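Please view the sequence and the model before reading on.

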Amino acid sequence: MRDAFEHIEKDTWSERYAAIEKQLQKYANEAKEHSVSNSKNSENSLWHKIDFTKPKEKIITLIFTLWTPYLICRENIS
């Protein structure tokens, strides 16, 4: 569609040019809305809610970081 928009004779086919332009703008708006909604969803994930500068979060993260290799070495996790 973009190729048609770029190569159409605007003066000869003004109605078609306007229709293609309108459709391309619609696609651009939908893509923009989609990217905004995806970024909002990723901001609501658990990792964005945890503040790793707080001591409680640091301790919990450290415990899980050290505990996981221990369990793997003991072959409790396959």
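Y70 has a relative accessible area of 39%, so Y70 is partly exposed; buried means under 20%, exposed over 50%, and partly exposed lies in between (1.4 Å probe, protein chains only). W67 is partly exposed as well, at 45% relative accessibility.

The model is predicted: local features need pLDDT of at least 70 and side-chain atom pairs pLDDT 80 or more, while totals for chains, interfaces and linings use all residues. Residues are numbered from 1 along each chain as its sequence is written, and side-chain values use heavy atoms, without hydrogens and water.

| Residue | Relative accessible area |
|---|---|
| W67 | 45% |
| Y70 | 39% |

A search of the whole structure finds 1 aromatic pair. The ring centres of W67 and Y70 are 5.2 Å apart and the planes meet at 40 degrees, so the pair is tilted. Rings of Phe, Tyr and Trp (its six-membered ring) pair if their centres lie within 6.5 Å; planes under 30 degrees apart count as stacked, over 60 as edge-to-face and the rest as tilted.

W67 and Y70 are 3 residues apart in helix α4 (residues 55-73), about one helical turn. Helix α4 has 19 residues and spans 28 Å from its first C-alpha to its last, close to the 27 Å expected at 1.5 Å a residue; the expected span is 1.5 Å times one less than the number of residues. Just after α4, E75 has a positive phi of about 65 degrees.

The protein chain has 4 helices and 0 strands; helices (H or I, at least four residues) and strands (E, at least two) are DSSP runs, numbered from the N terminus. Of its 78 residues, 5% count as buried.
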